[in-house]
Amino acid sequence: MIARDNGFHEVVGIVADANVSAAALNQALGYRTVHAGAVPPGILSVMGIDPASVAREVLIMHPDAERGGIRLISLAGEPSALMRDGAQAWDSGAIFDINIRSLNDIEQLHRALGAAGYRASAPIADWQFGALAVREVVETDMDGLCIALMQRVCPALQGYEGIGGNASWVFNSTQIVTDFDAARALFVDHLGWQPAQETDGFAGNEGGVNCMGLPPSVASGIPMRIGIYHPHGRMEGSVEIISFGCGGHDFSHARPPQRGWAALRFPVTNLGSFRDAMRAAGAELSGVLEVDWAPYGRTEMVAAVTPWGARFEALRLL
């Protein structure tokens, strides 16, 4: 059963070949394909893509999870440009990454993604988020899909006891923003979400160690703010925002059908409340359409693009 008002259920990526990308990620992550087929014209329209386009989608999920899936879409014809073409990890705009936990061996999972065509921004780093200690690596493939792998060091990870294999389901997604306070207000003041974690610090640990690819000689002097938000303050379908005090390029103009992470999909009980909140926060809104969200059934769907260019798609199951 799909949980409503509980964060995002799946992340959507646009790639050159959905079949090839799905097979590679299934092999690397231990996921399985749960749906494959044509993308309905209505969903393309809500995503801002010409509804006459010929598009294929493949949805992959962890075999032990009911959420946190990855839906990959490819369109007929020549592959499009990347959403964050040439971007570094600290450049703002659009959706930066998705987060997957390594449940027992981050080195093995890192090698598996490397075999699937992913390249890391920096070596695996020991990282401190307030009271949380993790090992983390951030890697990106040729389609611009960026995945951050995290292995908990302390405190002990809870809530994944029934999840087999080495990779968890997708539990979080990160966006880089220039105005942290305005982005925080969208989640807390407008959507009414709760902080799961908020940290002020610097982009590098002692010695400048970081997972983003910043030069160690300067990373420890670059201010960084992190906030993670969820309707109930949990890290399950949560959204993370990061601001760096070093400037960078802006990719808030990125839109589908460019390749990369295109959207987060949020099942909701009240589509009108979502639209009103996002409109008040300055988001761009699509029209509401009734669409077939395979394999879940008929839904009402609307997309909202945040001021920093991240696309949130809300769906109300009918």
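This is a predicted model: local features need pLDDT of at least 70, side-chain atom pairs count only at pLDDT 80 or more; totals for chains, interfaces and linings use all residues.
Let's start at glutamate 10. Glutamate 10 sits in strand β1, residues 10-14. Residues are numbered from 1 along each chain as its sequence is written, and side-chain values use heavy atoms, with hydrogens and water left out.

Is glutamate 10 buried or exposed? Buried, because its relative accessible area is 1%. The cut-offs: buried means under 20% relative accessible area, exposed over 50%, and partly exposed in between, with a 1.4 Å probe and protein chains only.

Which side chains make polar contacts with the side chain of glutamate 10? One is arginine 71, at 2.6 Å. Another is tryptophan 293, at 3.2 Å. A polar contact is a pair of N or O atoms within 3.5 Å; within protein, one must be able to donate a hydrogen and the other to accept it, and residues adjacent in sequence count only if both atoms are side-chain atoms. Now contacts in general, meaning heavy atoms within 4.5 Å. Leaving aside neighbours within four places in sequence, glutamate 10 touches residues including Leu59, Gly69, Ala263 and Tyr296.

Next, the whole chain. It has six helices and 18 strands. The radius of gyration is 18 Å, close to the 20 Å that the globule rule gives for 318 residues, so the chain is as compact as a globular protein of that length. That radius is taken over C-alpha atoms, and the rule is 2.2 Å times the number of residues to the power 0.38. The C-alpha atoms fill a box of roughly 50 × 40 × 40 Å along the principal axes. Buried residues make up 54% of the 318. Take contacts between residues at least 6 apart in sequence: 70% of them join residues at least 24 apart.

On to helix α4. Which of its residues are buried? Phe180, Ala183, Ala185, Leu186 and Phe187. These pack against β12 (223-230), β13 (238-244), α6 (271-280) and β18. Aspartate 189 is also in α4. Aspartate 189 counts as exposed, because its relative accessible area is 56%. Aspartate 189 and alanine 281 are 92 residues apart in sequence, but 8.8 Å apart in space, C-alpha to C-alpha. At the N-terminal end, aspartate 179 caps α4, with a side-chain oxygen 3.4 Å from the backbone nitrogen of aspartate 181. Just after α4, glycine 192 takes a positive phi of about 80°.

Now the rings. How many aromatic pairs does the structure hold? Nine. Phenylalanine 187 and tryptophan 308 form a tilted one, 6.1 Å centre to centre, with 45° between the planes. This pair links distant parts of the chain: phenylalanine 187 is in helix α4 (residues 180-190), tryptophan 308 is in the loop between β17 (297-305) and β18 (311-317), and they are 121 residues apart. Both phenylalanine 187 and tryptophan 308 are buried. The rule: rings of Phe, Tyr and Trp (its six-membered ring) pair if their centres lie within 6.5 Å; planes under 30 degrees apart count as stacked, over 60 as edge-to-face and the rest as tilted.

One aromatic cluster is made of Phe8, Phe187, Trp193, Tyr229, Phe266, Trp308 and Phe312. Look at phenylalanine 312, in strand β18. Phenylalanine 312 is buried, because its relative accessibility is 1%. Its contacts beyond four places in sequence include Leu186, Phe187, Val239, Phe266 and Met278.

Last, the cysteines. A disulfide is a pair of cysteine sulfur atoms within 2.5 Å. By this rule there are zero disulfides. Cysteine 154 counts as partly exposed, because its relative accessibility is 36%. Cysteine 211 counts as buried, at 3%. Finally, phenylalanine 312 and cysteine 154 are 158 residues apart in sequence and 31 Å apart in space, C-alpha to C-alpha.

Technical notes:
Helices (H or I, at least four residues) and strands (E, at least two) are DSSP runs, numbered from the N terminus.
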